[in-house]
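Work through the exercises below with the sequence and the model side by side, and try each task before reading its solution.

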Amino acid sequence: MVNPEIQGRVYPPTAPYLVGREKVREFARAVLSTSPLHLDPEAAKAAGYADVIAPPTFAVTVQEATLAQLLADEEAGVDFTRVVHGDQRFTYTRPIVAGDELTATLTIAAVKQLGGHSMVTASSDIVDAKGDHVVTAISTLVVRGDENA
């Protein structure tokens, strides 16, 4: 069972993540995006961006480092072998652009126990090198209870 005492815990900011053009293009192809804003730097520049912009779900690549902090936190009691992804939401201030240097800070927004399972809502605030908000990625993780309990 997940330790309910971690609700409200704020983890240290992650190391900066430099968003690369090719990483954005690879991600766009993986999610079957055909938008030229995700693939063509000239199209993105014509639309007013410095470089290609990432598809909306790209933020999970940055959020991943924050969730790794949660999983590594022995006090949290999250057994990754029992985790199922329950929900994912994003709130953007602006798109992620190739060349951005992003840092994320994780806050555990909620821990609930339901039917022997734990639900952890993790909110990752992602900012650029100037400290300006880019996106908040919110994940709900379901940690399945022990069937033998």
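Rings of Phe, Tyr and Trp (its six-membered ring) pair if their centres lie within 6.5 Å, and planes under 30 degrees apart count as stacked, over 60 as edge-to-face and the rest as tilted. The model is predicted, so local features need pLDDT of at least 70 and side-chain atom pairs count only at pLDDT 80 or more, whereas totals for chains, interfaces and linings use all residues. Residues are numbered from 1 along each chain as its sequence is written, and side-chain values use heavy atoms, with hydrogens and water left out.

**Exercise 1.** Find how many aromatic pairs the whole structure holds, and classify the pair of Y17 and F58.

Solution. A search of the whole structure gives three aromatic pairs. For Y17 and F58, the ring centres are 6.4 Å apart and the planes stand at 70°, so this pair is edge-to-face. The partners are 41 residues apart, with Y17 in strand β1 (residues 17-18) and F58 in the loop between α3 (41-46) and α4; helices (H or I, at least four residues) and strands (E, at least two) are DSSP runs, numbered from the N terminus. Ring pairs also join Y17, F27 and F58 into a cluster.

**Exercise 2.** Decide whether Y17 and F58 are buried, partly exposed or exposed.

Solution. Buried means under 20% relative accessible area, exposed over 50%, and partly exposed in between (1.4 Å probe, protein chains only). Y17, at 23%, is therefore partly exposed, whereas F58, at 0%, is buried.

**Exercise 3.** Classify the pair of F90 and Y92.

Solution. Their ring centres are 6.4 Å apart and their planes lie at 40°, so the pair is tilted.
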